[in-house]
Amino acid sequence: MAIVAGIEGGGTKFICGIGNEKGEILDSIRIETTSPTETMDKIINYFQCKNFEAIGVGVFGPIELDRDSEEYGTILSTPKIQWQQYNIYKTLKEHFNRPIVIEHDVNAALLGELTWGAAQGLRNAIYYTVGTGVGAGLWLNNQFHHGELHGEIGHMLIPVLEEDTPKGGSCPFHKNCLEGLVSGPGIYHRFGIKGEDIPQESPIWDNVAHYIGIACVNTTLAYAPQRIILGGGVMNQEFLLKKIQEHYLDALGGYGQKKIFIDVENFIVPAQLHNDPGLMGAFALANKILL
Ligand code: ADP
Ligand code: ZN
């Protein structure tokens, strides 16, 4: 059984761990995200005394993912200035002569769902995380869809409801993109209350479900996936899923070209990996490269 290393790289913390083929976390450590040198030194120290066959990394972007590029694994124009132009792949490769694969964090989480969760066996699946930001991983025709970099579908523009026009969303670039409207900070910006504290009966949840439902319609029409999987902190409100399914059907307006697109309970589903989806995704990446 392959023992692999996984790294989940986020803006506030890196979670590093050792896992097996079942995605079980055998050991893990949390390392604060400070400067790249300090953070990576701690990561290297942690893994140096461990046994593993490959390393999978799911990390915040934008990041160069073209394996043929000299810049593979380089973080690009992030607001985290110190990390700009930092090449995670090169640093790891200098210390560990084993297969290493780098992916965007949402794609890694999606691979976790494909391997052990809600997307098992699917050829076309899309995974959204609705948390501090909104991001999506695209698995199309059995591979990640990257384009020239990787998409930023969380910034899709959404027609805004009349009642929302004065305040608008929180995105510094687009204001009313999906992330600006329904991310945790977007909800707080618009309503002045944290998602965690909003009661189930509040009309805010209909508003949020409406926008996520529209995003699911746009996603379906653009990519025709077999399933859309929704994860992230905001989706901890379990009742929200049903509202999203209803708003999706409503916004689709009867334009369900295929039965699977209107079989909402099987089409829009919750993420299944709750026990650190990012780290499990990183294990899945490492396992995949060993196949
Ligand atoms: P991250 O996106 O940083 O990886 P999360 O996916 O946990 O982390 O998302 C954090 C965001 O989700 C915060 O903005 C928080 O307000 C929101 N959030 C966390 N739990 C809930 C909840 N139970 N209900 C609504 N929003 C939540
Ligand atoms: Zn935006």
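Helices (H or I, at least four residues) and strands (E, at least two) are DSSP runs, numbered from the N terminus. The model is predicted: local features need pLDDT of at least 70, side-chain atom pairs count only at pLDDT 80 or more, and totals for chains, interfaces and linings use all residues. Residues are numbered from 1 along each chain as its sequence is written, and side-chain values use heavy atoms, with hydrogens and water left out.

**Figure 1. Overall view of the protein.** The secondary structure comprises 10 helices and 10 strands. The radius of gyration, taken over C-alpha atoms, is 19 Å, close to the 19 Å that the globule rule (2.2 Å times the number of residues to the power 0.38) gives for 291 residues, so the protein is as compact as a globular protein of that length. The C-alpha trace spans about 55 × 40 × 35 Å along its principal axes. Of the 291 residues, 55% count as buried, where buried means under 20% relative accessible area, exposed over 50% and partly exposed in between (1.4 Å probe, protein chains only).

**Figure 2. The aromatic pair of Phe47 and Phe96.** The structure holds 12 aromatic pairs; rings of Phe, Tyr and Trp (its six-membered ring) pair if their centres lie within 6.5 Å, and planes under 30 degrees apart count as stacked, over 60 as edge-to-face and the rest as tilted. Phe47 and Phe96 form an edge-to-face pair, with 6.4 Å from centre to centre and 90 degrees between the planes. Because Phe47 lies in helix H1 (residues 36-48) and Phe96 in the loop between helix H2 (88-95) and strand E5 (100-104), the pair ties together parts that are 49 residues apart in sequence. Phe47 is buried at 1% relative accessibility, and Phe96 is buried at 2%.

**Figure 3. The loop between strand E4 and helix H2.** Pro62 is found in the loop between E4 (55-59) and H2. A cis peptide bond, with omega about 0 degrees, joins Gly61 to Pro62. The loop between E4 and H2 also holds Gln85, which has a positive phi of about 70 degrees although it is not a glycine. Gln85 counts as exposed, at 55% relative accessibility. Ring pairs link Phe14, Phe60, Trp83 and Tyr86 into a cluster.

**Figure 4. Ala224 between helix H6 and strand E9.** Ala224 is found in the loop between H6 (204-223) and E9 (227-231). Its phi is near 45 degrees, a positive value in a residue other than glycine. At 41% relative accessibility, Ala224 counts as partly exposed.

Key
Chains are lettered from A and ligands numbered from 1 in the order in which they are written.
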